Amino acid sequence: IPQLISNINACQVIAEAVRTTLGPRGMDKLMVDGRGKATISNDGATILKLLDVVHPAAKTLVDIARSQDAEVGDGTTSVTLLAAEFLKQLKPYVEEGLHPQTIIRAFRSATNLAVNKIKEIAVSVKKDDKQEQRQLLEKCAATALNSKLIAGQKEFFSKMVVDAVMSLDELLSLKMIGIKKVQGGALEDSQLISGVAFKKTFSYAGFEMQPKRYENPKIALLNVELELKAEKDNAEVRVKSVEACGGSIQTSVGAMTDDVLGQCELFEEVQVGGERYNFFKGCPKAKTCTIILRGGAEQFTEETERSLHDAIMIVRRAIKNDSVVAGGGAIEMELSKYLRDYSRTIPGKQQLLIGAYAKALEVIPRQLCDNAGFDATNILNKLRAKHAQGGMWYGVDINNEDIADNFTNCVWEPSVVRINALTAASEAACLILSVDETIKNPRSTVDGPPGGAGRGRGRGRPHAH
């Protein structure tokens, strides 16, 4: 089945692209698109999105990274690595002519076993104790930020993220956390405003003399052009303010009554960097907050925004599902040991395949070691021994080039992240296995849109623009 092998190889290549970004010692990638815009990122999903993947089978990996990003926010690199590693471990079996369906069946059962095992050993956190829950959330946020550019300021940012999410109402809708990027200043100048913040959209004669802060003002949301200025900014401001402050948008100045005016506790105008910002604080209607990010280079603030997005998603997940597992390769090693032991109890081909699944899970701790420049084989041997003796939360200790109990070290992540990563990765592997040839529809290239012709020949070459 040469086609299947070529698909597996294409997926290996994709994984190579993000392999080195995993973990606290992971590197970042600098991607330049066709227009020469540079993006620096550590987020697996962002990197894969910007790669122009033409190979049809390798696109599956991009898709699972995106779905992981949409569903849980973090763990995008791990999911890609896991899927590619599954395929890599299976390659010899495919070459020997083992039927893909047998493999898929084994993988499905292995995934079910693994997911149930995670659910069984995950530690749930008491919600009633606000103080304790808060600490847990901060730990989860810090773990998510560990592998990002801003890991140095993770204390500062994890507090900010938890504050932001805790200030939302029950639904925890992401829309209500605005992130504004202002160039200049240091990262530590970033701040969290509980309320709406936006650039000062207009100025008028004598505005310097006006007071810069009002307590409990009424807010009139007008749809009238007070000056010729970018309409987009104004519209965005209006919508945000309506959601947060109540009131409704008025088109004329005639019908000003109390019920159409919004209100908030405090309005102030502040200088942030080179821009004047207006803050509405303490809005009665929706719980909303705005994070104002500062930083030198534009790419840097953008990457910070992406990292905060990951952390915000993780905190949301941890509030909704209150069980956590230890990160740093600990949970993968434990699952690997459990599946390896299980595979010894069953006869036939399934034994080999579940063994392969177990071996593939070790890619995460191994990659963590590789990225930090440790001796991976040595550390994995120590981990296997430790897990066999029952130290189930032992993972890679990045700081001391050794193994450590990552649960006591507070390297935590919501169990739902791992569960989602495992299921998505094994689904992708099964999907790629079940394809045996790529057929290109010749007709669609004739009357289809131009540029569709170079695609989908099953060779992972980037096509010439």
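Reader: Hi! Quick one to start: is Cys11 buried or exposed?
Author: Hello! This is a predicted model, and in it Cys11 counts as buried because its relative accessibility is 0%.

Reader: Nice. And Cys140, buried or exposed?
Author: Cys140 is buried too, with a relative accessible area of 1%.

Reader: Which cysteine sulfur is closest to the one in Cys140?
Author: That would be the sulfur of Cys410, at 9.8 Å. A disulfide needs the two sulfur atoms within 2.5 Å, so the pair is too far apart for a bond.

Reader: How many disulfides does the count come to, then?
Author: The count comes to 0.

Reader: OK, switching to helices. How many residues does H6 have, and how far does it reach?
Author: H6 covers residues 130-146. Its 17 residues reach 24 Å from the first C-alpha to the last, close to the 24 Å expected.

Reader: What do the buried residues of H6 pack against?
Author: They pack against helix H7 (154-166), helix H9, strand S15 (323-326) and strand S18 (412-414). Among those buried residues are Gln133, Leu136, Glu138, Cys140 and Asn146.

Reader: How do the axes of H6 and H9 cross?
Author: The axes come within 9 Å and cross at roughly 145°, with H9 spanning residues 298-320. The crossing is right-handed.

Reader: Which residues meet there?
Author: From H6, Gln133, Leu137, Cys140, Ala141, Ala144 and Leu145 take part. On the H9 side they meet Ser307, Leu308, Ala311, Ile314, Val315, Ala318 and Ile319.

Reader: And how does that contact split by class?
Author: The contact of H6 with H9 has 11 nonpolar residues, 2 polar and no charged ones.

Technical notes
Residues are numbered from 1 along each chain as its sequence is written. This is a predicted model: local features need pLDDT of at least 70, side-chain atom pairs count only at pLDDT 80 or more; totals for chains, interfaces and linings use all residues. Side-chain values use heavy atoms; hydrogens and water are left out. Axes are lines fitted to C-alpha atoms, for helices over the stretch in contact, and angles run from 0 to 180 degrees between N-to-C directions. Helices (H or I, at least four residues) and strands (E, at least two) are DSSP runs, numbered from the N terminus. A crossing is left-handed if the near helix is turned anticlockwise from the far one by less than a right angle, and right-handed if clockwise. Contact means heavy atoms within 4.5 Å. Ala, Val, Leu, Ile, Met, Phe, Trp, Tyr, Cys and Pro count as nonpolar, Asp, Glu, Lys and Arg as charged, and the others, Gly among them, as polar. The expected span of a helix is 1.5 Å times one less than its number of residues. Buried means under 20% relative accessible area, exposed over 50%, partly exposed in between (1.4 Å probe, protein chains only).
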